[in-house]
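Work through the exercises below with the sequence and the model side by side. Each task is followed by a solution that goes step by step.

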Amino acid sequence: MSEERKENIQTGNPLGEVSVASLMVKFAVPSIIAMLVSALYNIVDQLFIGQAVGTLGNAATNVAFPLTTSCIALALMFGIGGASCFNLNMGGGHKDRAVYFVGNAIICLIGSGVILFLIAELFLTPLLTGFGAPENVLPYAQTYVRITAIGFPFLILTTGGCHLIRADGSPNMAMLCNLIGAVINTVLDAIFVMVFHWGMAGAALATIIGQIISAIIVIRYLLHFKTVSLTKEHFRPQIEYISKTAQIGMASFFNQVAMMVVQIIMNNSLTHYGAASVYGDAIPLACAGIVIKVNQIFFSIVIGLSQGSQPVESFNYGAKNYDRVRKAFSLAATSGVIISIVSFVLFQIFPRQILGLFGTGEPEYFEFGVRFFRIFLFFIWLDALQPITSTFFTSIGKPAKGIFLSLTRQIIFFIPLLLILPHFMGIEGCIYCGPIADFLAAVVTIIMAFLEFKNMPKTNGE
C-alpha cells in the first residue's frame, strides 16, 4: 500500500472510519430529501395543472415527461459517474487524479444540457407527437415544453452537480440546493397558475425559475470544493476522464433512458388502445402519468438510499474494506424493502384519494386510475432491489453489471410485454405489463447480488 493511500485512510477520512450506519444516515437522509424535492417539481406542476386545466393538462405533462427523464439520464451519467470516479480515486489514494473527474463532469453536465435544450426547441412538435400526444393534448404540451426546455441545462447541472457535492462530503448542501428550488417552484406555481391563471405556461415558468436558482447555488459550491482544489486546468475536457466518467455512470444513464423508452411506448399504447376502449385516449394517458409520477415519490426515496450508499461503497471498495461495503449495501437494501412494503400498502388502500388530489373527472377517470394503481404497482414491494443493486455495481467500478441490471425491468422485460399483451388484452394489457416485469427484474437482481457477494473477499485485504 502506498504512503499516500495509508495517509488517506489513516488520517481520518470518515468514509473509511466512521460507522457505516452513521454514514448511511448522514448521506442517505439528505439524498432522499433531495430526490423527493426533485420529484416534487413534476408532482407540484401536475397538482396545479390538474386543478386549473384538467385531464388534458395532466395528459400533456405526461407526454412531456420523457424529456425530463432525458435530463435526469444525462445528469446521472455525468453526476454519478463523476462522483463514483472521484470517490474511487480518493479511496485508492489518487487525489491528484480524482480532481480531474470533477472538473470534466461539470463541463459535460453543462454541455449536454445546452444540446438537449436545442434539440427540444428545434424538434418540439415531432418529439411530442412521437411521445404519444393526441391532437387535443398537443397544444398544451407544446406550451409547457417550449418554456421548460429553457431550464434543461440548469436542471441537469443541479441534479448532476448535487452528486459531486455529496461526493465531496456535503450531503446537506446537496439537499439544500434542491430544496430551495422546489420551494420557489411551489410558491410560484400557486401564484402563476391559481392567482394569475396562466395555466400550462405559468406552471412551466415556475419550474424553470426554481431550477435556475438551484443551479446558481450549485455552481457557487462546485467552484469551492472542500476536499480538492479546482483550477482552470481541471475544467479542460479530456477524453480519458470523460470516457471513464461516462462508463461508470452508464448504468444510471441507461436506467433512465430505459424509463424514457418505456414512457414513450406506454404513452402511444395508452393512446391507441385507450381510443378503442370506453375510456378514450386522454383518460388512460392522464391517469398513467399521475400514477407514474406518484410512484416517483417512492422511487425518490429508494434512489436516495442508493445514492447515500454510493460514496461509502465506492471509497471502501477502493480501500479494500469489503466488510464495510457489505454493510452499506445491506442497510440500503433492507431500508428499501421496508419502504417498498409501506408504499405497496398505501397504493392499494388509497388510490382514489390520491387521484382526487390531481383534479376531478368523470367516473371512467377514477375507474381506470384505481385499476392502474392497484395492478400496475402490485409488485412495488420488490422494486427497491433493482436500483439499489444497480447503483452498487456502479459504485464498485463494475459498470457492465450495473448497466445490464438497469435494463432488466424496463427494456428486457417490460417493453416486450407491452408490445405483446395489449394485442390480446387491449388496454388491460398495458396495465398488467408492470407487475410481471417488476417480478422478473427482482428475481434477476437477487441472483446477481448473491453471486457478487459470494465472490467478494470475506475479509479486508484478501
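A salt bridge is a side-chain nitrogen of Lys or Arg within 4 Å of a carboxyl oxygen of Asp or Glu. This is a predicted model, in which local features need pLDDT of at least 70 and side-chain atom pairs count only at pLDDT 80 or more, while totals for chains, interfaces and linings use all residues. Residues are numbered from 1 along each chain as its sequence is written, and side-chain values use heavy atoms, with hydrogens and water left out.

**Exercise 1.** Find how many salt bridges the rule gives, and examine the one that involves arginine 97.

*Solution.* In one of them, the side chains of arginine 97 and glutamate 240 meet at 2.6 Å, N to O. Because arginine 97 belongs to helix α5 (residues 95-122) and glutamate 240 to helix α11 (residues 239-275), the pair ties together parts that are 143 residues apart in sequence. Helices here are DSSP runs (H or I, at least four residues), numbered from the N terminus.

**Exercise 2.** Describe how domain 1 and domain 2 meet.

*Solution.* Begin with the bounds: the domain assignment, which is automatic or from a database, gives domain 1 as 34-237 and domain 2 as 250-461. Next, count contacts (heavy atoms within 4.5 Å): 41 residues of domain 1 touch 43 residues of domain 2. The buried area, meaning the accessible area (1.4 Å probe) that two parts lose on being put together, summed over both, is about 3700 Å², with 66% of this from carbon and sulfur atoms. Between the two domains there are zero salt bridges.

Finally, look at the side of domain 1 that touches domain 2, where the elements giving two or more residues are α3 (20-52), α4 (55-91), α6 (124-130) and α8 (152-167). Of these, α4 gives the most, with 23 residues.

**Exercise 3.** State how confident the prediction is for the protein chain.

*Solution.* On pLDDT, the predictor's confidence in each residue from 0 to 100, the protein chain averages 89, and 96% of the residues score at least 70. Over residues 1-11, however, the pLDDT is below 50.
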